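Please look over the model below. The report that follows goes through its loops, helices and ligand site.

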Amino acid sequence: MESSAITHSGDRMRGRLPIRPSARFEIAGRTTIITDASSGLGAEFARQLSLHAACLVLVARSEEALQKLGDELKKGHTTLQVIIIVADLATDAGRALLWEKVDSLEIKPSLLINNAGLGDYGAFAEADPARIRAQIDVNITALTLITHSFLARVQTSAEKPAGIIHISSLASALPIPDLAVYAATKAYVTSFSEALTLELAERNIQVTCVCPGPTPTHFGATAQRSPDKDIDRTGQDLLRIPPQRVVTEALNALTRRKACIFPSKRVTLAAFLFQKMPRPLLRFINHLRLAKSRAKP
Ligand SMILES: NC(=O)c1ccc[n+]([C@@H]2O[C@H](COP(=O)([O-])OP(=O)(O)OC[C@H]3O[C@@H](n4cnc5c(N)ncnc54)[C@H](OP(=O)(O)O)[C@@H]3O)[C@@H](O)[C@H]2O)c1
């Protein structure tokens, strides 16, 4: 699939850069690092990029899942180089291992998919401190420091720009009770990304922030504290799109040098409403949702 064949529809929320290179961002032939690649959106990025990439560096903790994905990708693309790095990106040691391997193999990445992220459904006061910490470590610390280390290694010119995709969330557009830490970490990701988009433009590095709505992956199962405890999911069916579409829209947004997108028209509209709604009204709606979910047996 050529990059021009990627369909797109969810890039209406935020505009283009004030000073924008006119050329499309070319994703073909790149060496790409994908964090959290063993399942969900990360694995789907690997699948779609395998059609374009020269080399994919897949990072996560589950070696078996990464190996299986690597074998699947290489089957159809004999010239594709796939490098598996098993690392816990929540830790300094895990991130150091990632860059040691990249440097020792003399890999020169020019695209980073910073997809790392997890949530925790339920009241903040009752949260396991380890899960609070894991969200901050992965969603904020890992994403920020991996981007920083990538920038130290990337060589660019006007002819050879580099790219970064940060996976944020629709949750970045509003505070969410019973998902409070996660939503706050994603607000950080969106803010950080949009600042970097401007800072890095002069270095020929395109930063694109992608804010998906609900999409079926292992995210919900990881975020749920126990099978009988869930959050209120009213309205999610209207917003849910498959991971394949999220990734296609993300890659298309990068190709078109978008700063920030909310994949799908409905998610774009929801984000617009959440951002423009008076805060007292947003708090009232959140209060009703919380009361409804607490009333459940
Ligand atoms: N699914 C949604 O509805 C949704 C909506 C909006 C945004 N997002 C965002 O999309 C991104 C991807 O999530 P997903 O939906 O694809 O979830 P997922 O299916 O649960 O995948 C999460 C991935 O993260 C890896 N991971 C978790 N902790 C890690 C760590 N400490 N070190 C290395 N890898 C780690 C997991 O692999 P290992 O267990 O092998 O490490 C897995 O590959 C996240 O940033 C999430 O916040 C998801």
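This is a predicted model: local features need pLDDT of at least 70, side-chain atom pairs count only at pLDDT 80 or more; totals for chains, interfaces and linings use all residues.

Glu106 is exposed, because its relative accessible area of 63% is over the 50% cut-off. Its backbone stands out too. Phi of Glu106 is positive, about 55 degrees, although the residue is not a glycine. Most residues other than glycine have a negative phi.

## Helix α3

Glu106 follows α3. Helix α3 covers residues 92-104, 13 residues in total. At 1.5 Å a residue, a helix of that length should span 18 Å, and the end C-alpha atoms are 18 Å apart, so the two values agree.

Which residues of α3 are buried? They are Gly94, Arg95, Leu98, Trp99 and Val102. These residues cover an arc of only 130 degrees around the axis, so they lie on the same side of α3. The other side of α3 carries exposed residues: Asp92, Ala93, Glu100 and Ser104.

## Helix α1 and Glu44

Helix α1 is mostly covered, with eight of its 10 residues buried. The buried set is Leu41, Gly42, Ala43, Glu44, Phe45, Ala46, Gln48 and Leu49. Their packing partners are β1, β2, α2 (63-76), β4 (111-114), β5 (162-167) and α8 (243-255).

Glu44 is a charged residue to check within this helix. Is Glu44 buried or exposed? Its relative accessible area is 8%, which is under the 20% cut-off, so Glu44 counts as buried. Leaving aside residues up to four places away in sequence, Glu44 touches Pro243, Gln244 and Val247.

## The ligand site

How many residues surround the ligand? There are 29, and the closest are Asp36, Ser38, Ser62, Tyr182 and Thr217.

For Ser62, a polar side-chain atom lies 2.3 Å from a ligand oxygen atom. For Arg61, an N or O atom of the side chain is 2.7 Å from an oxygen atom of the ligand. For Lys186, the distance from a polar side-chain atom to a ligand oxygen atom is 2.9 Å. Taken alone, the ligand exposes 880 Å², and the protein buries 92% of that.

Arg257 belongs to the loop between α8 and β7 (260-261). Its phi is near 60 degrees, a positive value in a residue other than glycine. Arg257 counts as buried, because its relative accessibility is 6%. Glu106 also has a positive phi, but Glu106 is exposed.

## Arg24, before β1

Where does Arg24 lie? It is in the segment before β1. Arg24 counts as partly exposed, because its relative accessibility is 48%. Arg24 and Ala253 are 229 residues apart along the chain, yet 9.9 Å separates their C-alpha atoms.

Note on methods
Residues are numbered from 1 along each chain as its sequence is written. Side-chain values use heavy atoms; hydrogens and water are left out. Helices (H or I, at least four residues) and strands (E, at least two) are DSSP runs, numbered from the N terminus. The expected span of a helix is 1.5 Å times one less than its number of residues. Buried means under 20% relative accessible area, exposed over 50%, partly exposed in between (1.4 Å probe, protein chains only). The arc is that of the directions from the helix axis to the C-beta atoms. A residue is near a molecule or strand if one of its heavy atoms lies within 4 Å of it. A polar contact is a pair of N or O atoms within 3.5 Å; within protein, one must be able to donate a hydrogen and the other to accept it, and residues adjacent in sequence count only if both atoms are side-chain atoms. Accessible areas come from the Shrake-Rupley method with a 1.4 Å probe; for residues, only the protein chains shown count as cover. Contact means heavy atoms within 4.5 Å.
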